[in-house]
Amino acid sequence: PRTHADCRATHLHFPTDAMRNPVSAPSAPSASSQGPTTKVKRQATLHQLPKVVSSRTFSYYNVSLEDVVKFKTTLENRETTRDSFMGALRQLAAMLVTKQLLEESMVGKVVKRIASKHSDAEVRKMAASIVEKWREEVIQQHHRDKRQARRGRGPGTRHGVGSGGG
């Protein structure tokens, strides 16, 4: 009969062989030995793993002003093809855009104008959903900031005013 330990020993804890067998890289030869070089094992990176899908340009949480402005410029360009236009909208929809990014880039105004005035109904619908998503994210961010501000106040303070008469 098999025991629980036997099952655990045969169970794979990592999704791929690349994680269990890290990438080998030759080490620099030392000055004292002129013999064959030894291999140093290094941990595999996410991009070396075969089934990991990620974007090297940005992630949902790590969005820069340059990323947003690049897609905004694509949306404002009249020579942009429909595929590029929809791609830019999809990229913007996949981003977590903060209130600060919306204010600095002014991309919200561009997308809102597209949602109301674009000739293609599918584009209008997608732009409108992005505007609604951003609106909800900004509201949630505002509520989180308010909660953190309340937690940040020390005892004896009320409504952001210290307890000392002043």
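Modeller: The chain exposes about 12800 Å², and carbon and sulfur atoms supply 53% of that area. Accessible areas come from the Shrake-Rupley method with a 1.4 Å probe, and for residues only the protein chains shown count as cover. This is a predicted model, so local features need pLDDT of at least 70 and side-chain atom pairs count only at pLDDT 80 or more, while totals for chains, interfaces and linings use all residues. Residues are numbered from 1 along each chain as its sequence is written, and side-chain values use heavy atoms, with hydrogens and water left out.

The secondary structure comes to seven helices and two strands, in the order α-α-β-β-α-α-α-α-α along the sequence. Helices (H or I, at least four residues) and strands (E, at least two) are DSSP runs, numbered from the N terminus. Of the 166 residues, 20% count as buried. Buried means under 20% relative accessible area, exposed means over 50%, and partly exposed lies in between (1.4 Å probe, protein chains only).

Now the core. A nonpolar core is a set of buried Ala, Val, Leu, Ile, Met, Phe, Trp, Tyr and Cys residues joined through side-chain atoms within 4.5 Å. The largest one has 23 residues, and those with the most contacts inside it are Leu75, Leu89, Leu92, Val111 and Trp134. Two or more residues each come from helix 3, helix 4 (82-93), helix 5 (99-105), helix 6 (107-117) and helix 7 (121-152). Helix 7 gives the largest share, six residues. In soluble globular proteins, nonpolar side chains tend to be buried together.

Take Trp134 as an example. Contact means heavy atoms within 4.5 Å. Leaving aside neighbours within four places in sequence, Trp134 is in contact with Leu92, Met95, Val97, Leu102, Val107, Gly108 and Val111. Across the chain, residues 24 or more positions apart account for 53% of the contacts with a separation of 6 or more.

Lys72 is buried but has no salt bridge, and Glu76, the nearest side chain of opposite charge, is 4.1 Å away. Lys and Arg count as positive and Asp and Glu as negative; His and the chain ends are not counted. A salt bridge is a side-chain nitrogen of Lys or Arg within 4 Å of a carboxyl oxygen of Asp or Glu. The side chain of Lys72 instead reaches the backbone oxygen of Ser105 at 2.8 Å. Not counting residues up to four places away in sequence, Lys72 touches Ser105, Met106, Val107 and Val110.

By the salt-bridge rule the count comes to four. Among them, Asp120 and Arg82 meet at 2.7 Å, N to O. This pair links distant parts of the chain: Asp120 in the loop between helix 6 and helix 7, and Arg82 in helix 4, 38 residues apart. Glu122 also forms a salt bridge with Arg82, with the closest N and O atoms 2.6 Å apart. Glu122 lies in helix 7, 40 residues from Arg82 in helix 4. Asp120 is partly exposed at 21% relative accessibility, as is Arg82 at 38%, and Glu122 is partly exposed at 47%.

Terms used:
Polar contact = N/O pair within 3.5 Å; in protein donor to acceptor, adjacent residues only side chain to side chain.
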